[in-house]
Amino acid sequence: MTQVSTDLYDSAAAAIRQRVDRPIRAAIILGSGLGSLADAIEDAQSVPYHDIPGFALPTVSGHSGRLVFGKLEGVSVAAQQGRIHFYEGYTPEQVTFPVRVMRRLGAHILIVTNAAGGINRAFVAGDIMLITDHINFVGLAGHNPLIGRNDESFGERFISMTHAYDRDLANCARQAARSAGIDLREGVYAGVAGPFFESPAEVRMLRTLGADAVGMSTVHEVLVAVHAGMRVLAFSAVTNLCIDSLVSDQAPNHEEVLEVGKSINPRLAALIRGVLRSLS
Ligand code: HPA
């Protein structure tokens, strides 16, 4: 197995520092159709992925590929506008490469957003779910970025995922939701490989196992963030309800995910801004 060398993370961080010389406090990953928050970053400087050694390029519509640096609510941030997914054929290490580079650039906090299908029967399309825990199907099965030689420059060999999602940041999000009048759902995110939307039997299985939402991202990035000692806050934008019956005539599709994602954007932005305000 070829692994990303420690040097490549350093080269990527150095290439970015040559163009943007400011430390980052919070890294933000913007999911499918959720990229517009990056446009609100003040004093912005962006670096396209293709200018950074080691960065893979997104191949999916709805994902541009650049890092945007600047200030949001007084906090120094870097937003990953355009995410890499495992289903694009990239390795979990490639998928999570940007997170480790942001850690090298000083980020101690990772804020992750994703588009997800609603599994919990109480959810409706358009909801936002605070992720309190996850089931990492891909990772449990052995496809995860921590497999192989442990990179001690980031963290230890064995890590605990007990409090992967930081409880203080989650409380900040609840407070931000109350202040903004947003009805924030909470629950467990199931990370699957995709790119297919789940079959009805799979949806019922995920519900039985305790998942509230399902998506094709996030768990890899959260794993490396926790490994590197970062505090994680994550939200799912519930862009569709998963179909759990063969009787249904409906079927989820990527266009719907992007479309509903856009309508969720303003509330998601308000939540993230609220959390950042409480940090500044
Ligand atoms: N399943 C998996 N991933 C998703 C979904 C879904 O229904 N919607 C958005 N991302």
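Which residue forms a salt bridge with Arg 19? I found Asp 51, with the closest N and O atoms 2.6 Å apart. A salt bridge here is a side-chain nitrogen of Lys or Arg within 4 Å of a carboxyl oxygen of Asp or Glu. The two residues are 32 apart, with Arg 19 in helix H1 (residues 6–19) and Asp 51 in the loop between S2 and S3. Helices (H or I, at least four residues) and strands (E, at least two) are DSSP runs, numbered from the N terminus.

I noted that the model is predicted: local features need pLDDT of at least 70, side-chain atom pairs count only at pLDDT 80 or more, and totals for chains, interfaces and linings use all residues. Residues are numbered from 1 along each chain as its sequence is written, and side-chain values use heavy atoms, without hydrogens and water.

I searched the whole structure and got twelve salt bridges. One of them joins Arg 174 and Glu 186 at 2.6 Å, N to O. Arg 174 sits in helix H4 (residues 167–180) and Glu 186 in strand S7, so the pair ties together parts twelve residues apart in sequence. I also logged a network of salt bridges linking Glu 73, Arg 273 and Arg 277.

Next, the backbone. Glu 73 has a positive phi of about 50° although it is not a glycine. Its place is the loop between strand S3 (66–72) and strand S4 (75–81). I then checked the bond from Gly 194 to Pro 195 and found it cis, with omega near 5°. Pro 195 lies in the loop between strand S7 (184–191) and helix H5 (200–208).
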